[in-house]
Structure formats: structure tokens, C-alpha cells
Amino acid sequence: MPIPSSLAAPLAGLGRSAAGAATLLLNALLPPRCLSCGEGVDRQGGLCARCWTGLTFIAAPLCACCGLPFEYEAEQGSLCASCLADPPPFARARAVLAYDDGSRPLLLSFKHGDRIHAAKSYGVWLARAGRELLEDADRLAPVPLHRGRLFRRRYNQAALLAQALSRHCGVPALPDLLQRHRATPTQGGLDRQDRHRNVRGAFRLRPGLSVTGQRLVLVDDVLTTGATLAECARVLLRAGAAQVDVLTLARVVRR
């Protein structure tokens, strides 16, 4: 039954009042803390002024393919030297932040420090940075963890990001679209070629699922060399995906 117009405004006001009361109660029980350093802030999911100013948000001009920010003005659609020489399998990659001394504590505390409540804020950031990728996307696919590593860590940070992003952009997230069926050593300390060899053949599409003709967005926390994301993109494209894009919270910026 539709709500009479005479009651709609009062009910909306009650909803806002209830939400405000819930926020006050949450802030009283769990005082808002900076997502990075833990200092007190004015709202849940915020950053203190020092940590905020230490972040480098990625914006145009940037490579139309991998999203590398340019240090000079460039025409829309320009590609970096790396993408010209060796194009990745994914169509476009975008990131919110440069992975540097300012963003590293933020990423590490989220990935290894159990600060999973931060995913809600990161979902908003990802929706802004990936607006052009999300406009015609069919599904979000987080980069999966092997079941052994997932058991030890207890959560997949990429899946949390994808789910938070989905709530803001409306594109459905499928946490188990991809499976990491082969355990691989950590990518840390490996060079570019070794990283690609390390993840080759480590992923597969979940049996029984189809991505034929779909436009997919891979979601992860950090793009370093792009080896893991490239391998995931190849699996999806071989399975019939029409296009695969990449969206990450941060990316390494190499000049």
C-alpha cells in the first residue's frame, strides 16, 4: 500500500532522526578514529588532517589504459610508454591513491590489521575514482585469495572492497567469481618477470558460472606490477568476457 503524501514527510523525518540517534550512540560507544593513525576525528570513517594531506589522490592527466598519472599535460586517450610497448590484457585500470609513504599505513592496516570497518569509506572513494569503468559494468570481481591464506587472514580485503563498492554504485559483486586454485608464494620481493611467472595458471573461473559477453571490473587493494590482475583478466577474457577493467584502492607510481 502506498504511503499517503501527508505521512511521507513525517516518516522521512523520523527516519533521519533515528539514523542520527544511531550515529550518536555509535560515536559514544566507539569514538571516531582516523582510519590511518587512530587519532580522534569528527566522524566515523574519516581521516585526521595530517593523514589526509599526506595522501596523493590520482587524477587526470593519466594513461588511458593503465591509469598511470602523467607529470605533464597530455591529450585525452594518451598512453604511457609501457602500455604502448606491452599492452596489458585489461582495457583500463584506475586507482584512488598513489601507493607511497602516505597511503601505505592505510593499506597495511586494512589488509593485515583487521581494520575492515574502513571498507565502507573506501567503497565511496572507489566509486568516485572508477566512475567511467562502472557506468556500463555488469559485475565486480574481487581478486581471490587461496583458501589457505584466506583461513589464516580470515578475510579477503579485495572482496570487502568489492562489496562496499557495490553498495555505492549498484553493480553486483560476486566474491567467488574467480578462484585461486593454486597456492603461490607472496609477490613481495619478486621482480616483474618473476611475479608474472608466480601467478601463471593460479586462477580459474568458478565452475558453473558464465561471463560470456559481460563487462567486468576486477577489484583489488593495490596494483604493483599488475601481474596478478593481468592473469585474472586473461582467465576472464578466455572465458568469454567482453571486457575486463581494473579498479584498485592504490597503485604504485613508477616514473
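Predicted model: local features only at pLDDT ≥ 70, side-chain atom pairs only at ≥ 80, totals over all residues.
Tutor: A crossover is right-handed if, with the strands pointing away from the viewer, the path from the first strand over the helix to the second runs clockwise. Helices (H or I, at least four residues) and strands (E, at least two) are DSSP runs, numbered from the N terminus. In this structure, S5, helix H10 (residues 227-238) and S6 form a right-handed β-α-β unit.

Student: How many helices and strands does the protein have?

Tutor: There are ten helices and six strands. Of the 255 residues in the protein, 43% are buried; buried means under 20% relative accessible area, exposed over 50%, and partly exposed in between (1.4 Å probe, protein chains only).

Student: Which strands are joined to S6 by bridges?

Tutor: Two strands pair if DSSP finds at least two bridges between them. Strand S1 (residues 93-98) runs parallel to S6 and is joined to S6 by five bridges, with alanine 95 standing opposite threonine 248. Strand S5 (residues 215-223) is likewise parallel to S6, through eight bridges; there, leucine 216 has valine 244 as its bridge partner.

Student: Why is strand S6 described as largely enclosed?

Tutor: Strand S6 covers residues 243-251, and nine of its nine residues are buried, so the rest of the structure largely encloses the strand.

Student: How many aromatic pairs does the structure hold?

Tutor: Rings of Phe, Tyr and Trp (its six-membered ring) pair if their centres lie within 6.5 Å; planes under 30 degrees apart count as stacked, over 60 as edge-to-face and the rest as tilted. The structure holds six such pairs. In one of them, tryptophan 52 and tryptophan 125 have ring centres 6.2 Å apart and planes at 75°, so the pair is edge-to-face. This pair links distant parts of the chain, 73 residues apart: tryptophan 52 lies in helix H2 (residues 49-53) and tryptophan 125 in helix H5 (residues 119-129).

Student: Is tryptophan 125 buried or exposed?

Tutor: With a relative accessible area of 9%, tryptophan 125 is buried, whereas tryptophan 52, at 43%, counts as partly exposed. Tryptophan 125 also pairs with phenylalanine 57: the ring centres are 5.7 Å apart and the planes stand at 70°, so this pair is edge-to-face. Phenylalanine 57 is partly exposed at 37% relative accessibility. Ring pairs link Trp52, Phe57, Phe110, Tyr122 and Trp125 into a cluster.

Student: Which residues of helix H9 are buried?

Tutor: In helix H9 (residues 192-199), the buried residues are Arg195, Asn198 and Val199. They cover an arc of only 80° around the axis, which puts them on the same side of H9; the arc is that of the directions from the helix axis to the C-beta atoms. Strand S3 (178-180), strand S4 (203-205) and H10 are included in what covers these buried residues. Glycine 201 follows H9, and its phi is positive, near 75°.

Conventions
Residues numbered from 1 in each chain as written. Heavy atoms only, no water. Contact = heavy atoms within 4.5 Å.
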